[in-house]
Amino acid sequence: MTTVAVPGADSRRAERVFYGGMAALVTVLVFLGFGPTYYLRPLFRPERALSRILHVHGFVFTVWVVLFVVQAALVSVRRVDLHRRLGVAAAAWAALMIPVGAAAALSVAAAATGPLALELRRFLAVQAFDLGVFATLVAAGIALRRDTQSHKRLLLLATVGLLPPAVARLPFPPDLPGGIVTIFLLCWLAVLPLVGFDLRTRGRIHRATLWGGLLLLASIPARFLLAGSDAWLRFADWLMARVG
């Protein structure tokens, strides 16, 4: 494959445009997905109040998206010094997201009754993978923070990994082939612009894009296989007995 040579100034400009565009895409998808059920809930569902833990969950995960946008903007305007300082807070915030996300998922599952209760207990496996993949990619991004190119890609992929709950709330037809699995695959299409960016600016796929993208892709069948297992359901029943 022929390597594409991009002058330094053009490369930096391309990065600013690309990461700024991806930050905008994430923001739009999150707002469109959660607008009716969270951000604009008083307009769409004023009769149904959210529980406290779901409010906390929505706030904490929204702040992550805001941090992602702000961090991309700081790099774009060459305020790397502020980017690094805010990165310390962002790392702590990412750590906070794991227990908050788990608590919200357990709260919803524990409150469910009838057939929905069984479905949500199985779905806890999917949510556990969501948090695990996010934590893995963020931890890798922090560990490689001095490797700027890997750091940027891993944090972008970690944020892409949070998109399925938002995208699942978009108005898809009820008979969507593949159901929730298709939703995950559609979300992972957001990795393709990163692959294209790598090929255009580097002539090859960056290793962080490759391994991070493979982790996202491989986690799809893994999470649903686990969710469908009797072993997971027994574990979820055990967990719910202690939560309740």
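These are my notebook entries on a predicted model, taken element by element.

**Entry: helix 4**

I began with helix 4, which runs over residues 80–111 and holds 32 residues. From its first C-alpha to its last the helix reaches 45 Å, which is close to the 46 Å expected at 1.5 Å a residue. I then looked for a bend, and found a kink of about 30° in helix 4, centred on glycine 87.

Next I listed the buried residues of helix 4, which are His83, Ala90, Ala94, Met97, Val100, Gly101, Ala104, Ala105, Leu106 and Ala109. For the spacing in such a list I kept in mind that an α-helix has 3.6 residues a turn, so residues three or four places apart point the same way. Against what do these buried residues of helix 4 pack? I found helix 3 (52–76), helix 5 (115–143), helix 6 (148–160) and helix 11 (230–243) as their partners.

In the loop between helix 3 and helix 4 I looked up arginine 78, whose phi is near 65°, a positive value in a residue other than glycine. Is arginine 78 buried or exposed? Its relative accessible area is 58%, and because the cut-off for exposed is over 50%, I noted arginine 78 as exposed.

**Entry: aromatic pairs**

I searched the whole structure for aromatic pairs, and the search gave 11 of them. One is formed by tyrosine 19 and phenylalanine 197, which are edge-to-face at 6.1 Å centre to centre, with 75° between the planes. This pair links distant parts of the chain, since tyrosine 19 lies in helix 1 (residues 8–39) and phenylalanine 197 in helix 9 (residues 192–202), 178 residues apart. I recorded both tyrosine 19 and phenylalanine 197 as buried.

The second pair I wrote down is tryptophan 64 with phenylalanine 134, whose ring centres are 5.3 Å apart and whose planes stand at 85°, so this pair too is edge-to-face. Tryptophan 64 belongs to helix 3 and phenylalanine 134 to helix 5, so the pair ties together parts that are 70 residues apart in sequence. Tryptophan 64 and phenylalanine 134 are both buried. I also noted that Phe18, Tyr19 and Phe197 form one aromatic cluster.

In helix 6 I looked up lysine 152, whose relative accessible area is 17%; because buried means under 20%, lysine 152 counts as buried. Not counting residues up to four places away in sequence, lysine 152 touches Glu15, Tyr19 and Val75, and Tyr19 is a member of the aromatic cluster noted above.

Leucine 155 is also found in helix 6, and with a relative accessible area of 15% leucine 155 is buried. Which residues does leucine 155 contact, leaving aside its neighbours within four places in sequence? I found Trp64, Phe68, Val138 and Gly141. I also took the C-alpha separation of leucine 155 and alanine 109, which is 29 Å for residues 46 places apart along the chain.

**Entry: the largest pocket**

For the largest pocket I noted a volume of about 1500 Å³. Its lining has 48 residues, and those closest to its centre are Phe34, His57, Gln127, Pro165 and Arg169. The elements that give two or more residues to this lining are helix 1, helix 3, helix 4, helix 5, helix 7 (164–167) and helix 8 (180–188). Which helix gives the most to the lining of the largest pocket? I found that helix 5 does, with 7 residues.

Definitions and conventions:
Residues numbered from 1 in each chain as written. Predicted model: local features only at pLDDT ≥ 70, side-chain atom pairs only at ≥ 80, totals over all residues. Heavy atoms only, no water. Helix = DSSP H or I, 4+ residues; strand = E, 2+ residues; numbered from the N terminus. Expected span 1.5 Å × (residues − 1). Bend = angle between axes of the 7 residues up to and from the residue. Buried < 20%, exposed > 50% of the residue type's maximum accessible area, 1.4 Å probe, protein only. Contact = heavy atoms within 4.5 Å. Phe/Tyr/Trp six-rings, centres within 6.5 Å; stacked < 30°, edge-to-face > 60°. 1 Å grid on protein atoms, 1.4 Å probe; cavity = no way out; pocket = protein on both sides within 12 Å on 5 of 7 lines; lining within 4 Å. Points joined across faces, edges and corners; volume = space filled by probe spheres on them.
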